[in-house]
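Reader: I would like a close look at a single part of this model, described with care.

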Amino acid sequence: MEHGMTVSLVDTLKNKLDYDQLTNCMRCGFCLPACPTFRETGLEAESPRGRIALMKAAVDGIMQPDAAFEEQMDHCLACRACEPACPAGVKYGQLIEQTRDSIEQHTVRHRWWVKSARKMAFEGLFPHPRRMRLLGGALKFYQKSGLQKLTQGTGIMNLFPDELKGMEKIMPEATGTGVIKEIGVRHPAKGEKIATVGLFRGCIMDIMFTGTNVNTVRLLTEAGFEVVIPDEQTCCGALHAHSGEGGGAKKLAKSNIRAFKDLGVDWIVSNAGGCGALLIEYDHLLHDDPQWKDDAAWFASRAVDVAKLVVEHGRVPYFEADSQAGVRITYQDSCHVRNVMKSSEAPRKLMRSVEGVQFVEMEDSDRCCGSAGIYNLTQPDMAGQLLDRKMDCAKNTAAQYMITSNPGCLLQMKLGISKSGMENEMKAVHLVDFLYENMADKK
């Protein structure tokens, strides 16, 4: 039975993997120093080059993709830092997603409750905005009713793994509303309109970081953009794509393309790196679907990070820090914003434009923090190692604010600050929130 399963996985890998990308890898090793897991372990198999070699060996019939093969693919953060470093332009991110999609169809490692939880999250929750808002409302009740304090005070959270206990402690205030119920669907530009942009609100983003979505609209209108927020949009599908649920990701992509194309927007803006990185690759996700190929290309060509849009196409507002004593800030790159959305200079330019702040570049700011979607929950040991190193670099900046451009990174930074006992020294904030709070003309 096990042999039959393995052969079936080989066939699926052969059908799904882009063999040209496998053979494009020249094994030069430029990816090695860019890869967080290789830098932590020094193991060839923990590098992009090593994982590509394993993929190719499985497809070529040289090795059988067993449990160790599956485990090695799970160890990858999918941060895609290897892609900018690769002289051959290998699309490693696409290969790892294709491999995980293949594995997910055949794996026997998931326990029954894992399968049930995945089905509930990927099919029953994330694709349904109303259900996500109900979840947000439940979390808000948990936080505001005293249940959270009771849970923490009685030690109930000690029954859960440390990584879940830590995340529960630093969880932001949830809402059951979302950005549309807070401020509406359409927002005119201030001054002469430059373009019309559609805000991608996200699913988790909209219930856990509603205020950031609201501030994104305010920042964009101040920069000269009319903003519309289509209520028909849904989850981006990134967690699906990264977790081997390719079919679900495609279904969600089609819903989002339809929602934004009906509005005819000039840009589709994202304030979450994990979401944005998939949005700009909807063309690849649906490249083999003749009915959706052109519309997916339309969508992908318009998806952009909020900072990049403001810097390259908008009117940069005037920012001035409220503090007269001067503020030190630093920045943790979102891997997907930097490596996939190609937006690393724009956030820095905006931060440096704030009067009264001193921007301090953090060592290894481009190195993954260990969040990587739900990686910090599924691979807590490696994620913890990466976070510990990140906080050592953060301490050296002596910054009061740790700024980032992705909700997952933001939560990971909050967790790192908490674990390091730095709550009185440093605060983690989203770039948009920091900019809005220091916008000279907020009214």
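What is the order of the five strands in the open sheet, and what is their pairing?

Author: This is a predicted model, in which local features need pLDDT of at least 70 and side-chain atom pairs count only at pLDDT 80 or more, while totals for chains, interfaces and linings use all residues. Residues are numbered from 1 along each chain as its sequence is written, and side-chain values use heavy atoms, with hydrogens and water left out.

The five strands of the open sheet run in the order β1-β3-β2-β4-β5, with mixed pairing; strands here are DSSP runs of E with at least two residues, and helices are runs of H or I with at least four, both numbered from the N terminus, and two strands pair if DSSP finds at least two bridges between them. The edges are taken by β1 (186-187) and β5 (303-305), each of which has a single partner strand, so one side of each is left without a neighbour in the sheet. For β1, pairing with strand β3 (residues 225-228) is antiparallel and spans two bridges, and within this pair His 187 stands opposite Val 227 in β3.

Helix α14 (residues 210-222) packs on the sheet, where the helix touches β1, β2 (195-199), β3 and β4 (267-270), contact meaning heavy atoms within 4.5 Å. The direction of α14 makes about 150 degrees with that of β3; for such angles, axes are lines fitted to C-alpha atoms, for helices over the stretch in contact, and the values run from 0 to 180 degrees between N-to-C directions.
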